Amino acid sequence: MNPAEKKRILIIEDEKHIAEGLSLNLTLKGHAARIAASGAAGLHAWKEWRPDLIVLDLMLPGIDGLSVLRHIRLEDEHLPVLILSAKSELEDKVKGFAFGVDDYLSKPFHLEEFLMRIERLLFRAPLRGDRAPSRGDGPFLSMPVYAFGANRIDFGAAAAHGQWGRIDLTELELKLLKLFITHRGKPISRGQLLEIGWGYDRHTRTRTVDNFIVRFRKYFEPDPKNPIYFKSIRSVGYVFDHEEKDER
Ligand code: CA
């Protein structure tokens, strides 16, 4: 994605794990995301950061979501807004209001659906020519091929080449590998991996994450029992790293 096309998405949501999960996923899609944990903080960030799209929870501490939206609509009729809310609230309120809600999702929702709706809203949104392109906020994902050690991951072909020859990678494996690579050298918790990979499926356990790491080690580690790339960090999660000279 061209950096000039990178969109700013403001998430106004007080449930920390939801906000962070969405933020990380939007970042992985190449957007810039920011979180505001209350209505007041959301309005402040809207004024100051000038997002291209707002994800807005209805039940917020202080100023509630619909008041936030009403406030925004006084000044900006076109900014795309995606409402997140519990189903009962939606039916009682949002459908009856003509506040300029562009789209809404009831909780719990599937991550893929959320991302699809975001892209659709961004696609539909009018071009805003008055803004300078943003730079340098968040990891920038344009990595068709990534190499470390004897391994080469080809994101375009959804395959890895390494000590065992070619391995086809699933969409989920590619997603988690991108996450590790963009966070190289930084620990990632099991909870974050779970949110990113599996979204809001409450039946998924941290054990599932561990199984993926076992698989990555089999694919990529010279000695899977003594990992050098995908290391465990006790009581935290995992970290991916490799020597600089490995990059080719
Ligand atoms: Ca809430």
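Mentor: Helices (H or I, at least four residues) and strands (E, at least two) are DSSP runs, numbered from the N terminus, and two strands pair if DSSP finds at least two bridges between them. This is a predicted model, in which local features need pLDDT of at least 70 and side-chain atom pairs count only at pLDDT 80 or more, while totals for chains, interfaces and linings use all residues. Residues are numbered from 1 along each chain as its sequence is written, and side-chain values use heavy atoms, with hydrogens and water left out.

Trainee: How many helices and strands does the protein have, and which residue takes a positive phi in the hairpin of β11 and β12?

Mentor: The protein has 8 helices and 12 strands. In that hairpin, with 3 residues between the strands, Ser235 has a positive phi near 60 degrees. The antiparallel strands β11 (residues 230-233) and β12 are joined by 4 bridges, and Phe230 has Phe240 of β12 as its bridge partner. Strand β12 (residues 237-240) also runs antiparallel to β10 (residues 188-189), with 2 bridges between them, and here Gly237 is the partner of Ser189.

Trainee: What is the strand order in the open sheet of 5 strands?

Mentor: The order is β2-β1-β3-β4-β5, and the pairing is parallel. At the edges are β2 (32-36) and β5 (103-107), each of which pairs on one side only. For angles, axes are lines fitted to C-alpha atoms, for helices over the stretch in contact, and the values run from 0 to 180 degrees between N-to-C directions; the twist here averages 20 degrees from one strand to the next. Between β4 (residues 81-86) and β5 there are 5 bridges, and Ser85 is partnered by Ser106 in β5.

Trainee: Which strands does helix α1 lie across?

Mentor: Helix α1 (residues 16-28) lies across β1 (8-12), β2, β3 (53-57), β4 and β5, and runs at about 170 degrees to β2. Helix α2 (residues 39-49) packs on this sheet too, touching β1, β2 and β3 (a contact means heavy atoms within 4.5 Å), and its direction makes about 165 degrees with that of β1.

Trainee: Which residues of helix α5 are buried, and which exposed residues does the face turned away from its buried side carry?

Mentor: Buried means under 20% relative accessible area, exposed over 50%, and partly exposed in between (1.4 Å probe, protein chains only). In α5, the buried residues are Leu111, Phe114, Leu115, Arg117, Ile118, Leu121 and Leu122. Seen down the axis they fall within an arc of 160 degrees (taken from the directions from the helix axis to the C-beta atoms), so they line one face of the helix. The face turned away from the buried side of α5 carries the exposed residues Met116, Phe123 and Arg124.

Trainee: What share of the residues in the whole protein counts as buried?

Mentor: Of its 248 residues, 48% are buried. Among contacts with a separation of 6 or more, 61% come from residues 24 or more positions apart.
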